[in-house]
Each structure stands twice: as structure tokens, then as C-alpha cells.
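Here are my notes on the model, as numbered points. Please read them with the structure open.

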Amino acid sequence: MALPVNEDMYPDPQGNVRALPRPGAPLAEVVAALEARYDPALAEDWDAIGLVCGDPAEAVHSVLFAVDPTDAVVDEAIERGVDLVVTHHPLLLTPVHGVPADDPKGRIVHRLIRAGIGLFVAHTNADRAADHGVNDALAAALGVGNTVPLESVGAPHTNTLVVFTPVEDSDRLVDALSAAGAGVIGDYTRCAWQTVGTGTFIPGDETNPAIGAHGRLEHVPETRLEMVVPRAAQADVLRALHEWHPYEDPGYAVFENSQTPSRAGLGRLGELAHPITLREFAERAAAVLPVTAAGVRVAGDPDRLVRTVAVCGGSGSSLYDRAASARADVLLTSDVKHHPAVEAMEVPGPAICDVAHFASEWPWLPVAADVLRRDLGGRVDVAVSKRRTDPWSLHVAQDGRDVGVGEGAARG
Ligand SMILES: [Zn+2]
């Protein structure tokens, strides 16, 4: 038996280099990893996200990412022999009371289950997610940096716990409070602020003091320890405080924090490294996004300069006013209708770049695939679907007939 040539590859008896089979992970663990990145709490109330089919106890060795759960994507999943398909759009957005195989959606459920393939959906939670969501991926593909959400989601409510402890007990207490859920800021854990000072107290006659004697003023080197506490974890944290603090009556206080904006939310606003014309920006979008029949449409003067860019994957024209108040030069989104576009062009504000819905969300697929592979320590193979699920098949350009700017209606 030949030795592997590197951690992922080995030569077979014919001398061909082949990929080692991945050890895999239970579907439940894959779902947990996806939900850690694409928090279900970020989804709209009307959305239909999460696991559609699949046994959480079964192993997943390979995952295929696609925009839409169509028959063509199921064909590809079966051909590739994957165990799980992750799509952006839900299969069953409107409630159903059955999945008969002679119904188009029911047929897909049947085909997946017969082939032993699970289906997981991350939709509006993936739109809003920070860092590896649909809108971050779209902005990054277009070269838009320093992004913030166009419509930010409030960070989870937190409190700040302030507790005084003997200096020598401080680190142990930080460990205990962290284990109970305190001290998490973004991807950082065990966050604490510690300042050393002097605590003073007089133990009463009925007390049993850890330090000091009844009726005598004590001076003790103490740490003022401050940690952020998610409100949902506060009861656990206070239980840990009373369990681990050496004093029978620990001195502590809890302060309510006002809600801060998070990095999660709809759309993104950011800057290009250098200003370019609207025409060049549209050409860039056409070059970096998947080819679709619709291509890229622009509303606005093609020669105006753009630097501040708003993007929203999917149908995002409702964010036009936010893009305008943020002084964006252009909003790139999809499914923009006639009337909102006409009204937008009647007043000063961002130009509009309208791309295919499928194209605007596609950049998320390689990003989500890569982050899942890394989060699972390389135990699963990931792939991005090669099937274009954009429904439009033909676009007839009226070449040689210049649309001009603001002259379209005059051509009758
Ligand atoms: Zn969409």
C-alpha cells in the first residue's frame, strides 16, 4: 500500500493520485456548524429555513452548495454522490400538508430521500449574517471594502457584571463566569477587565468571613472584575458567581447595556478602492458575477463616478432609500421594478445596477462552502453547483440601437 503523498491525496495502484475519502461528520454537527454561521434567529418570520430532509444521525462526507433546490441541482447532487445539498432559496416556502411525488416540490423531496441526500436551507439568515453572508460575499466580489450593513440588526441584549474579588481568586472566577456564558464579545471568549484596588469592610457579629475578624475594619487587595453577560445567560452566570466566589456575600452589581448595532443586517454599504464610472462598475459586475441572460442593467448616467456602493443580494430595491440616505453612488441589487426605478431617477440619488437575482446571490456559494469545510476541520468535501438555476434562457440585445440616456421613451 502506497503512502499518502500529502494529507488529502494518495496514489492508487495504477499510479493515479486520488483524493482520500473524508472521514465525514454527523449531519447534526454539519447543521450546527451552518447554524453557528447563519443564525436562524436572523431569518424573517415568513421564511422557511433549516433542515428540510435528512437524518441528523447519519454521516455527511460531502456537501453541494446551490442557489435553488431544482431538479437539475438534485441531478448534480446524485451524480456527484454528495450526502447533503445546501441551498439559499427554500424548497417549501409556502406551507404544504404533504409531499406527494407527483407534485414538483414533493418529487424533489422524494428524489433526495431515495438517494440518501439531505437538504438544508439558509435564506434570509444567510442574507443578514455577518462576515460570511450573502451580502458580504457580493460586496467582496465587486471589490467593495469597509462594509457595514445598510439595515443593521441590533446586537443581542447584554448586561455588564461588576464583581469585587480577592486578587488571588480573580482568574479562577473569570474561568467560572466564562464557563457559565459571560465574557463573549464577537469571536472572542473569556473577555474581562480587571483593575486592582483595596476593598474595605467590617464583618458583622453573625458573619462567617473568609477574610478578617468580627467587628474589625479589614483592608484587602481586591480586583474589580467586569464582564459582559448575555441576558439569556445571566441566571447561570450569577449562580456560578455565588458558587465560585470565596466571600459568603460577594459584592457585585449588574448594569444594563443599551443595545448596540451588530455587523449583521440586510445589504452592505462600502467603498471601492478608487472611483470608477457607473459604466465601468456595471462592466465589473458583468465580469465577476455568473453569466446570465439578463446581464446587467443600469439606471443613471453611465459616466457618473461611483465610489460609495450599496449592494443587496436578491430583491433589494426596498433598500433604495437607505442607500440614498447613506449617500451611496449606486445600489446594486436585482428584481428592480419599473416604477421604483423611474421614481428614483427623478430625484438626485444613487444610480441603480440591476443584475439577475441568481447572479447576485451566487457569490455566497463558494464563501459558505469554504467556511463550512474549515469549521468542520476539513472532514467534509464541499463543492459549488455548476448548474445555473437562473430561469431566464435568452436575452435579445437590440445591438446598434443606442438607448442613450433619458431618451428611451422617445424612440416609440
Ligand atoms: Zn434570493
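1. A residue is called buried here if 20 or more other C-beta atoms lie within 10 Å of its own, exposed if 12 or fewer, and partly exposed in between, with C-beta atoms placed from the backbone. Helices (H or I, at least four residues) and strands (E, at least two) are DSSP runs, numbered from the N terminus. By these terms Leu27, Val30, Val31 and Leu34 are buried in helix H1, residues 27–37. Viewed down the axis of H1, the buried residues fall within an arc of 100 degrees, so they line one face of the helix; the arc is that of the directions from the helix axis to the C-beta atoms. An α-helix has 3.6 residues a turn, so residues three or four places apart point the same way.

2. The model is predicted, and local features need pLDDT of at least 70, side-chain atom pairs count only at pLDDT 80 or more, while totals for chains, interfaces and linings use all residues. pLDDT is the predictor's confidence in each residue, from 0 to 100. The protein chain averages a pLDDT of 92, and 94% of the residues score at least 70. Residues 1–5 have pLDDT below 50, and beyond near neighbours in sequence this stretch has eight contacts in the model. Residues 406–412 also have pLDDT below 50, with one contact beyond near neighbours in sequence. Two residues are in contact if their C-beta atoms, placed from the backbone, lie within 7 Å.

3. Which residues does the UniProt annotation "binding site" cover? According to the unreviewed entry, they are His88, His89, Asp127, His357 and Glu361. These residues span 274 residues in sequence, yet no two of their C-alpha atoms are more than 12.9 Å apart, so they gather at one spot. UniProt positions are given in the numbering used here, feature names are shortened, and annotations may be inferred rather than shown by experiment.

4. Two of the annotated residues can be examined in more detail. His88 sits in the loop between strand E7 (84–87) and helix H3 (104–114), and His89 is in the loop between E7 and H3. His88 is buried, with 27 other C-beta atoms within 10 Å, whereas His89, with 19 C-beta neighbours inside 10 Å, counts as partly exposed. Not counting residues up to four places away in sequence, His88 touches Val67, Ala122, His123, Ala126, Val134, Glu361 and Trp364. With neighbours within four places in sequence left aside, His89 is in contact with Val67, Asp68, Pro69 and His123.

5. An open sheet of four strands runs in the order E11-E12-E10-E13, with antiparallel pairing. Its edge strands are E11 (193–201) and E13 (252–256), each pairing on one side only. Two strands pair if DSSP finds at least two bridges between them. E11 and E12 (residues 218–230) pair in the antiparallel sense over nine bridges, and Thr198 has Pro221 in E12 as its bridge partner. Helix H6 (residues 170–179) packs on the sheet, touching E10 (158–166), E11 and E12, and its direction makes about 20 degrees with that of E12. Helix H7 (residues 234–244) lies across E10, E12 and E13, running at about 0 degrees to E10. For these angles, axes are lines fitted to C-alpha atoms, for helices over the stretch in contact, and angles run from 0 to 180 degrees between N-to-C directions.

6. An open sheet of five strands has the order E4-E8-E7-E6-E19, with mixed pairing. E4 (50–53) and E19 (381–384) stand at the edges with a single partner strand each, so one side of each is left without a neighbour in the sheet. The twist averages 25 degrees from one strand to the next. E6 (residues 62–66) and E19 pair in the parallel sense over four bridges, and Ser62 stands opposite Asp381 in E19.

7. Finally, Val311 lies in strand E16 (residues 305–315) and, with 32 C-beta neighbours inside 10 Å, counts as buried. Val311 and Leu138 are 173 residues apart in sequence and 7.3 Å apart in space, C-alpha to C-alpha. Beyond residues up to four places away in sequence, Val311 touches several residues, among them Leu138, Leu142, Gly267 and Leu332.

Technical notes:
Residues are numbered from 1 along each chain as its sequence is written.
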